[in-house]
Amino acid sequence: MISVMAGAGIAALGAWGTAPGANGDLVFRRYFDDSHTWGAIFITTTSGTRVRQMTHPPRGVLDNVPDWSPDGHSIAFQRVNPNGCGQRCETDEIWVISRDGKNITRVAYDPPGKGCFTRGRSAGGVCRNAPGWSPDGKQIAFTCESLPKGERTCVVSADGSGLHELEHTPGSGESDAWPQWSPDGRRLAVQRAVGSRRAVFVLDSEGRSPRRITPWTLRGGEPDWSPDGTRIVFTSNEDGPSNVSANLYTVRPDGSGLTQLTHASGGHVQYLSASFSPDGNWLTVSRTPGSGRKGNADVYVMHADGTGLRQVTRAAAWDSSTDWGSR
């Protein structure tokens, strides 16, 4: 078991907590341009049929890192608008859309004219990323980044009320990202960074009592809980060298039972993120190279032990940030 240490986490491509239930559809983000600055949220069946676009952002606006609600009725996601608060001022917000696409609501955002980033100087706002639903479906945790605090964990009610920041163990150069609730709602798994190091930590639901559960050497991140709460899947090589392949691992919440699921090497194939199926028997994962141009990523499914990899999407675009919903 790995000892308790302080640390922090930074953004990548995302994976999210899975609520127990019957297996439903997959949600993912599709980029529309090679620069990955324009993209929308899509859903599909596990066979890859009936691919449906859920959000329709204007050109240059990115809808990203979607997460199914526990009941499978709604999807939370990040919207990045590079001119959201005026020229050269960016907003990063959390939105929720119903699975029928009829209702879309902005739930975490800055006041008008106050964005999270202005090129050349801070705009004084908050960047928001990587939403994750609470197991009762009433709250959404997300990464909130601001100066001088850096990346922390914030929570907002699903209707946009009650926004607050969780406690954070103080330390120099620490930050947390990609918060995901355990199925019992008592703990959070986060991607934590301390300087250039990356690892997965488990905290209590208020952001206290951090416990490191993955080795620093793996550079672990983008955690997702199994529906029974006994395993956490994560991807390696977060923000690491491009000639090293990112692979999938699972680990118990106490840091024991570390298991490697995939065995890519050399950097050509990258496993970008993964999510458990609601019945706990499968994973959905984003992986390069897919079948699209330039070896872009596609969405896949596999057994929870890493066997039986099967491709789901086969688009010319880049498909990743996949999450498995219930029905």
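## Starting with a sulfur pair

How far apart are the sulfur atoms of Cys-85 and Cys-89? They sit 1.8 Å apart and form a disulfide. Keep in mind that this is a predicted model. The torsion about that S-S bond is about -80°, so the link is left-handed. Cys-85 has a relative accessible area of 18%, and it counts as buried because the cut-off is under 20%. Cys-89 is buried too, at 6%.

## The other disulfides

The structure holds three disulfides. One of them joins Cys-116 to Cys-127, with 2.4 Å from S to S, and its 85° about the S-S bond makes it right-handed. Cys-116 lies in the loop between strand 7 and strand 8, while Cys-127 belongs to strand 9, 11 residues apart. Both cysteines are buried.

Cys-144 and Cys-154 also pair up, sulfur atoms 2.1 Å apart, and this link is right-handed as well, with 85° about the S-S bond. Here strand 10 supplies Cys-144 and strand 11 supplies Cys-154, 10 residues apart. Cys-144 is buried at 4% relative accessibility, and Cys-154 is buried at 8%. Count the bonded cysteines in sequence order and the pairing reads 1-2, 3-4, 5-6.

## Nonpolar cores

Now for the greasy bits. The largest nonpolar core has 12 residues, among them Val-233, Leu-261, Phe-276 and Met-302. Strands 21, 22 and 23 each give two or more residues to this core, and strand 21 provides the largest share, three residues. Val-233 touches core members including Leu-261, Ala-274, Phe-276 and Leu-283, and its contacts also include Glu-222 and Asp-224.

A second, separate core has 11 residues, including Ile-94, Ala-108, Phe-142 and Val-156.

Definitions and conventions:
Residues numbered from 1 in each chain as written. Predicted model: local features only at pLDDT ≥ 70, side-chain atom pairs only at ≥ 80, totals over all residues. Heavy atoms only, no water. Core = buried A, V, L, I, M, F, W, Y, C linked by side-chain atoms within 4.5 Å. Buried < 20%, exposed > 50% of the residue type's maximum accessible area, 1.4 Å probe, protein only. Helix = DSSP H or I, 4+ residues; strand = E, 2+ residues; numbered from the N terminus. Contact = heavy atoms within 4.5 Å. Disulfide = S-S within 2.5 Å. Lists of a residue's contacts leave out its neighbours within four places in sequence.
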